[in-house]
Amino acid sequence: MLLTGAGFTKDFGGRLADEMWAWIFNSKEVQGRSGLAVALRENQNYEVVYSQILDQVSISSRGHFDASDLRAI
């Protein structure tokens, strides 16, 4: 068994969490979805934002986010 820590893939072209957030946030898909861009600006943990979107899209179509936000992130 090989246990690796955060940043292990950095040497192989991977991104650290803050770099991944910036990459997602600056994508044209996210910038084209103002509610999604605001959510990511307010919470830089992109996994939490993704989870919130996933929950809203699967529960109801009346939430703040929709399927287009899910595809963008």
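A helix here is a DSSP run (H or I) of at least four residues, and a strand is a run (E) of at least two, with numbering from the N terminus. With that in hand, open the model, which is a predicted one, and let's look around.

**The whole chain**

Start with a cartoon view of everything. You will find five helices and zero strands. Follow the chain from the N terminus and the order of elements reads α-α-α-α-α.

Of the 73 residues, 21% are buried. How far apart in sequence are the residues that touch? Among contacts between residues at least 6 apart, 34% join residues at least 24 apart.

**Select helices H1 and H3**

Next, select residues 17–25, which form helix H1, and residues 34–42, which form helix H3. Their axes come within 11 Å and cross at roughly 160 degrees. Angles over 145 degrees count as roughly antiparallel, so that is the label for H1 and H3. The crossing of these two helices is left-handed.

Which residues make the contact? Show side chains for Trp21, Ile24 and Phe25 on H1, then for Ala37, Leu40 and Arg41 on H3.

**Select alanine 39**

Stay on helix H3 and pick alanine 39, which is found there. Is alanine 39 buried or exposed? Its relative accessible area is 12%, and the cut-off for buried is under 20%, so alanine 39 counts as buried.

What does alanine 39 touch? Show Val49 and Phe65: setting aside neighbours within four places in sequence, these are in contact with alanine 39.

Now draw a distance from alanine 39 to phenylalanine 25. The two are 14 residues apart in sequence, and their C-alpha atoms are 9.9 Å apart in space.

**Select glutamine 52**

For the last stop, move to helix H4, residues 46–59, and pick glutamine 52. Glutamine 52 has 37% relative accessibility, so it counts as partly exposed; that class lies between the 20% and 50% cut-offs.

Finally, draw a line from glutamine 52 back to alanine 39. These residues sit 13 apart along the chain, with 9.8 Å between their C-alpha atoms.

Conventions:
Residues numbered from 1 in each chain as written. Predicted model: local features only at pLDDT ≥ 70, side-chain atom pairs only at ≥ 80, totals over all residues. Heavy atoms only, no water. Buried < 20%, exposed > 50% of the residue type's maximum accessible area, 1.4 Å probe, protein only. Contact = heavy atoms within 4.5 Å. Axes fitted to C-alpha atoms, helices over the stretch in contact; angles between N-to-C directions. Parallel < 35°, antiparallel > 145°, perpendicular 65-115°, else oblique. Left-handed = near helix turned anticlockwise from the far one by under 90°.
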